[in-house]
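The following exercises concern a single protein chain. Each task is followed by a solution worked out in steps.

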Amino acid sequence: MALLTAIAVCLDACAPKHSSYSSFVPVPADGWSKTLVLNFKPECADSLARYDVRLAVRHTSAYKYGNLSMAVDIVNGRGSAVRKSVNFRVADSYGNWVGSGFGSLYQCSAVVARGVTTEQMRSIAVWQTMGGCDVVAGVAEVGIIVSPSAAQ
C-alpha cells in the first residue's frame, strides 16, 4: 500500500499544472479584415498566480507592410476591458524581416500585459487597426502566450 501511495504522489508531481497557456488562431487566406475580431479565452489552472500576456503574430513573406497595428482588449470577469494598442515593426528600413522565422513564415511578439490574474484576463480580443487598410494580406496566425509573471 505504501508503494502505491508513493507512486501516486510521484505521478501527481509529474502531471502538467497548466501554468502557461498559448493559442493561435488562423487568419483567412484572403486577408485580415478590420471587422474580424480574434477571440481567446486563456485557461490557467492557478487562479492566485500572476501572469504575463504576450501577443504573437505569424506572417508570410506576402505581407507587404513594415509594421502591423492592432488593438488588444483584455476583458476581466466583470466585463470591463483594458485596451492596448500594439504596433509591431515586422521589417527594418531595408525591407528585411525582423523577429524569428525562416523561409516564408516569421513571428513577432510583444508583452501586452504584466502581472495579471486569471480574473483580470477572462477573455482577450485582438483586431487589426492598420490605417488606410480595410484588409491586410499575409498574416497567417495571431496568438497569445500566457506565462507565469517574472515579477511574482
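**Exercise 1. A residue and its contacts**

Leaving aside its neighbours within four places in sequence, with which residues is Ser-123 in contact?

*Solution.* The model is a predicted one, in which local features need pLDDT of at least 70 and side-chain atom pairs count only at pLDDT 80 or more, while totals for chains, interfaces and linings use all residues. Residues are numbered from 1 along each chain as its sequence is written, and side-chain values use heavy atoms, with hydrogens and water left out.

Step 1. Contact means heavy atoms within 4.5 Å. With neighbours within four places in sequence set aside, Ser-123 is in contact with Phe-40, Lys-41, Pro-42, Asp-73, Ile-74 and Val-75.

Step 2. Ser-123 belongs to strand S9, residues 123-128. Helices (H or I, at least four residues) and strands (E, at least two) are DSSP runs, numbered from the N terminus.

Step 3. Ser-123 counts as buried because its relative accessibility is 16%. Buried means under 20% relative accessible area, exposed over 50%, and partly exposed in between, with a 1.4 Å probe and protein chains only.

**Exercise 2. The chain as a whole**

State how many helices and strands the chain has, and in what order the elements run.

*Solution.* 

Step 1. The chain has one helix and 11 strands. Read from the N terminus, the order is α-β-β-β-β-β-β-β-β-β-β-β.

Step 2. Of the 152 residues in the chain, 36% are buried.

Step 3. Among contacts between residues at least 6 apart in sequence, 79% join residues at least 24 apart.

Step 4. The accessible surface, from the Shrake-Rupley method with a 1.4 Å probe, comes to about 8,800 Å². Carbon and sulfur atoms account for 55% of this surface.

**Exercise 3. Cysteines**

Determine how many disulfides a search of the whole structure finds.

*Solution.* 

Step 1. A disulfide is a pair of cysteine sulfur atoms within 2.5 Å. The search finds zero disulfides.

Step 2. Cys-44 has a relative accessible area of 14% and is therefore buried. Cys-133, with a relative accessible area of 12%, is buried.

**Exercise 4. The largest nonpolar core**

Identify the residues that touch the most other members of the largest nonpolar core.

*Solution.* 

Step 1. A nonpolar core is a set of buried Ala, Val, Leu, Ile, Met, Phe, Trp, Tyr and Cys residues joined through side-chain atoms within 4.5 Å.

Step 2. The largest such core holds 33 residues, of which Trp-32, Leu-55, Leu-68, Met-70, Val-126, Val-139 and Val-142 touch the most other members. At least two residues of this core come from each of strands S3 (38-40), S4 (51-60), S5 (67-75), S6, S8 (105-116), S9 and S11 (139-148).

Step 3. Not counting residues up to four places away in sequence, Met-70 touches several residues, among them Trp-32, Leu-55, Val-57, Phe-88 and Val-126.

**Exercise 5. Aromatic rings**

Find how many aromatic pairs there are, and classify each one.

*Solution.* 

Step 1. Rings of Phe, Tyr and Trp (its six-membered ring) pair if their centres lie within 6.5 Å; planes under 30 degrees apart count as stacked, over 60 as edge-to-face and the rest as tilted. The count by this rule is two pairs.

Step 2. The ring centres of Tyr-63 and Tyr-65 are 5.5 Å apart and their planes stand at 70 degrees, so this pair is edge-to-face. Tyr-63 is buried at 3% relative accessibility, whereas Tyr-65 is partly exposed at 25%.

Step 3. For Trp-97 and Tyr-106 the centres are 5.7 Å apart and the planes at 40 degrees, so this pair is tilted. Trp-97 is partly exposed at 23% relative accessibility, and Tyr-106 is buried at 15%.

Step 4. Trp-97 is placed in the loop between strand S6 (81-89) and strand S7 (100-102).

**Exercise 6. Thr-60**

Which residues does Thr-60 touch, not counting residues up to four places away in sequence?

*Solution.* 

Step 1. Thr-60 lies in strand S4 and is partly exposed at 22% relative accessibility.

Step 2. Thr-60 touches Trp-97, Ser-104, Leu-105, Gly-138 and Ala-140. Thr-60 and Gly-138 are 78 residues apart in sequence, yet their C-alpha atoms are 5.2 Å apart.
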